[in-house]
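Open the model in your viewer and keep the sequence panel beside it.

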Amino acid sequence: MNFRHFFATLGALALTFPAVPAAAQSGLDFDSYLQILIARARAEGVSDATLARMTAGLEPSDRVVSLDRSQPGSSSGTGYPPLAPYIASHVDAARIRGGRDARASWSGTLRSIERDYGVPEEILVAIWGHETAYGAVKGGFDLSQALATLAWEGRRRELFASEWVALMKVADKGYSRSDLKGSWAGAFGNPQFLPSVYLRLAADGNGDGRADIMNNGADALASIANYFRDAGWRTGQPWGVRASVPAGFNVSAYRTRIVAPTCARVHERHSVYKTVREWRNLGVQPQRSIGDDVLATLFQPDGPGTPAWLLTSNYRVILEYNCSNYYAMSVGLLADEIAN
């Protein structure tokens with residue numbers, strides 16, 4: 001998903017609450033709790049008309065509760081699944097072909113967005129492909145029902161109550177309830193934004209005064225670009241490049257000792273940052289063009305004798321979208337295939 005550390009937060013919080021019936025955690029029946037949500041949204045400026053249409057006939061979803069409770073907690077293991085099989089299944093011929101087709105179909109729009117936001121068009125298309133298969137799979141859950149259910153259930157009450165109120169603010173912009181469908185956890189549209197992310201970063205890509213990430217490809221691509229720019233994308237730098245590592249080179253000797261405040265197991269696999277020049281002096285040779293003064297971390301996920309990469313700060317921007325090395329690597333590699 002394309003929201004910062006969201007599922008990492010879900011996983012961490014999943015261990016905090018006992019698996020007891022939803023009503024017992026809430027202390028209120030669903031209809032009573034819904035009135036609290038409605039009052040909060042009204043106090044934050046949402047119109048009564050919007051609240052009426054977004055809550056008409058609303059009931060809790062057993063399916064959403066079941067999916068929420070099936071989420072695993074944060075991993076505390078010591079091993080990692082190999083990267084190569086994940087890449088093989090996520091950067092496959094169909095996704096590459098779909099990405100190239102999407103890039104060709106939206107070429108003019110993508111050029112304009114890249115010029116305005118500084119994010120390469122192939123990166124935008126790769127995110128689109130990973131999130132919703134270029135718009136083909138956006139999710140079919142009624143977001144009002146899903147988020148209200150999760151807030152009422154109580155395992156992450158404030159998180160989902162805030163997102164439900166944010167969804168009402170999105171609806172108040174004139175979007176119908178049938179437009180506002182997505183994943184069981186509240187992400188929606190082509191880029192799979194949470195409602196709060198939509199309110200902060202959704203962008204109008206075609207100049208019609210709306211940011212319709214559900215139905216408009218230009219708006220979706222501009223919104224992804226705005227997300228990346230906000231997260232600190234550095235124009236002109238690659239996300240990373242393949243690198244050759246000398247035989248016997250001890251990558252572990254350069255592991256960072258800094259404990260990341262979020263997604264620690266993701267970042268613990270990266271080396272310290274050095275300039276590309278410094279890596280060259282150590283015998284690590286980039287296989288594509290990259291500036292000698294660019295800071296990069298060395299990443300060899302599957303161990304000695306397997307592919308390695310020098311990753312720049314732009315790789316960490318991809319991690320902001322979904323804090324997973326598997327996700328970020330597959331986005332970067334798919335983008336490279338689309339561009340080539």
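Which residues does Arg 177 touch, not counting residues up to four places away in sequence? Select Arg 177 and look around. This is a predicted model. Arg 177 touches Arg 53, Met 54, Thr 55, Ala 56, Leu 58 and Asp 142.

Now pick out Asp 142 from that group. Its side chain makes a polar contact with the side chain of Arg 177, at 2.9 Å. You are in the loop between helix 11 (157-171) and strand 2 (181-182).

**Next stop: strand 6**

Select residues 295-299, which form strand 6. How many of its 5 residues are buried? The count is 4, so strand 6 is mostly covered.

To see one of the bridge pairs, select Lys 274 and Ala 296. Ala 296 is the partner in strand 6.

While the strands are on screen, recall a general rule. In a regular strand, side chains alternate between the two faces of the sheet.

**Last stop: Ala 260**

Select Ala 260, in the loop between strand 3 (240-244) and helix 14 (264-267). Is Ala 260 buried or exposed? Its relative accessible area is 16%. Buried means under 20%, so Ala 260 is buried.

Finally, draw a distance line from Ala 260 to Val 170, using the C-alpha atoms. These two residues are 90 residues apart along the chain, and their C-alpha atoms are separated by 33 Å.

Conventions. Residues numbered from 1 in each chain as written. Predicted model: local features only at pLDDT ≥ 70, side-chain atom pairs only at ≥ 80, totals over all residues. Heavy atoms only, no water. Helix = DSSP H or I, 4+ residues; strand = E, 2+ residues; numbered from the N terminus. Polar contact = N/O pair within 3.5 Å; in protein donor to acceptor, adjacent residues only side chain to side chain. Contact = heavy atoms within 4.5 Å. Buried < 20%, exposed > 50% of the residue type's maximum accessible area, 1.4 Å probe, protein only. Pairing = 2+ DSSP bridges.
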